[in-house]
Amino acid sequence: MISSIIQLILAFQSFHLLNGRIIDMTYTFNSDTYYWPGSKNFNRTVIFKGSTGKFWYYANEMEFAEHGGTHLDAPSHFYKDKWNVDDIPIERLIAPVYVIDIKSKAEKDSSALLETEDIQAFEKNNNVKIERKSIILMNSGWQERLGNKTLYFGNDKNNASDFHFPGFHPDAAEWLIKERDIVGIGVDTASVDHGPSSDFLTHVAISKGNVYGLENVANMDKIPKMGAKLTVLPMKIGKGSGGPVRILAEWDTQSGGADALNPLFMLSNLITIFLLVLFL
Ligand SMILES: [Zn+2]
């Protein structure tokens with residue numbers, strides 16, 4: 001009886017861990033994927049799908065621009081002779097992540113900027129100093145607008161000179177590079193520069209600092225604001241200025257992160273400890 005209860009609790013815990021520890025921060029690539037105006041959209045063509053008579057066979061061909069959907073901007077995107085996507089050292093592709101929420105600002109201003117003060121406030125409010133070699137994500141709440149291109153980009157004309165969405169202030173990007181030695185920044189919007197930008201100074205700043213950008217990042221609300229680790233795996237395109245990227249967030253629910261405070265999780269831990277002490 002007791003051992004089956006313990007087994008049940010352990011099963012529940014491992015289920016919980018498996019579900020809470022790893023989150024995919026990548027949108028699926030398909031014909032709905034957003035690209036910058038003038039870029040080639042994602043197009044998948046079925047080459048063969050069916051039985052050959054001897055076996056089942058299925059294969060596609062694809063074409064798409066580098067910069068669309070959940071993707072990485074390599075430093076060479078906005079600065080001459082900086083790293084291409086295949087040059088980025090792999091040590092920089094696995095890094096601690098901090099998520100800075102600017103939703104309240106973005107609700108009032110659809111072209112809101114994540115500023116240096118927001119980062120300093122994040123550090124102060126959480127009593128933390130951003131670790132070196134980290135990735136900083138801006139959570140503006142823009143994921144909710146996905147599926148409505150007008151709301152996501154800020155106009156219905158596919159006109160890049162009249163876009164409205166949040167991004168990083170160039171000064172904030174420079175501060176992060178100089179003061180915190182980060183490896184990457186990321187946004188839940190279409191660009192690390194906010195919509196109205198025409199000089200793309202945030203892109204220039206990160207490229208110059210050999211820092212990569214992540215755009216259209218999914219599920220920022222599902223990961224803890226600190227304590228998680230990102231694995232960032234861009235398609236290894238030779239001499240690419242960027243490309244599709246798979247981003248996974250992973251964290252330890254025992255030692256921190258959002259789930260450590262989940263009452264169910266805490267209760268199951270307490271019951272487990274109690275039963276173990278009592279009967280083993
Ligand atoms: Zn890009």
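In helix H5, Pro170, Ala172, Ala173 and Leu176 are buried, a residue being buried if 20 or more other C-beta atoms lie within 10 Å of its own, exposed if 12 or fewer, and partly exposed in between, with C-beta atoms placed from the backbone. The structure is a predicted model, in which local features need pLDDT of at least 70 and side-chain atom pairs count only at pLDDT 80 or more, whereas totals for chains, interfaces and linings use all residues. Residues are numbered from 1 along each chain as its sequence is written. The protein has seven helices and 12 strands, where helices (H or I, at least four residues) and strands (E, at least two) are DSSP runs numbered from the N terminus.

The cover over the buried residues of H5 includes strand S6 (113-114), helix H3 (116-125), strand S7 (135-139), strand S8 (167-168), strand S9 (184-187) and H6. After H5 comes Asp181, whose phi is positive, near 50°.

Two packed helices are described by the angle between their axes and the distance between the axes. The axes of H5 (residues 170-180) and H6 (residues 201-208) come within 8 Å and cross at roughly 15°; axes are lines fitted to C-alpha atoms, for helices over the stretch in contact, and angles run from 0 to 180 degrees between N-to-C directions. H5 and H6 are therefore roughly parallel to each other, the term covering angles under 35 degrees. Pro170, Ala173 and Glu174 of H5 and Leu201, Thr202, Ala205 and Ile206 of H6 make the contact, two residues being in contact if their C-beta atoms, placed from the backbone, lie within 7 Å. These residues divide into five nonpolar, one polar and one charged, with Ala, Val, Leu, Ile, Met, Phe, Trp, Tyr, Cys and Pro counted as nonpolar, Asp, Glu, Lys and Arg as charged, and the others, Gly among them, as polar.

On helix H3, Thr116 is partly exposed, with 17 other C-beta atoms within 10 Å. Although Thr116 and Ala173 are 57 residues apart in sequence, their C-alpha atoms are 8.0 Å apart in space. When neighbours within four places in sequence are left aside, Thr116 is in contact with Asp171, Ala172 and Trp175.

With its own neighbours within four places in sequence likewise left aside, Ile185 is in contact with Ile135, Ile136, Phe168, Ala173, Leu176, Val192, Ile206, Val211 and Gly213. Across the protein, buried residues make up 35% of the 280 residues.

Key: Angles under 35 degrees count as roughly parallel, over 145 as roughly antiparallel, 65 to 115 as roughly perpendicular and the rest as oblique.
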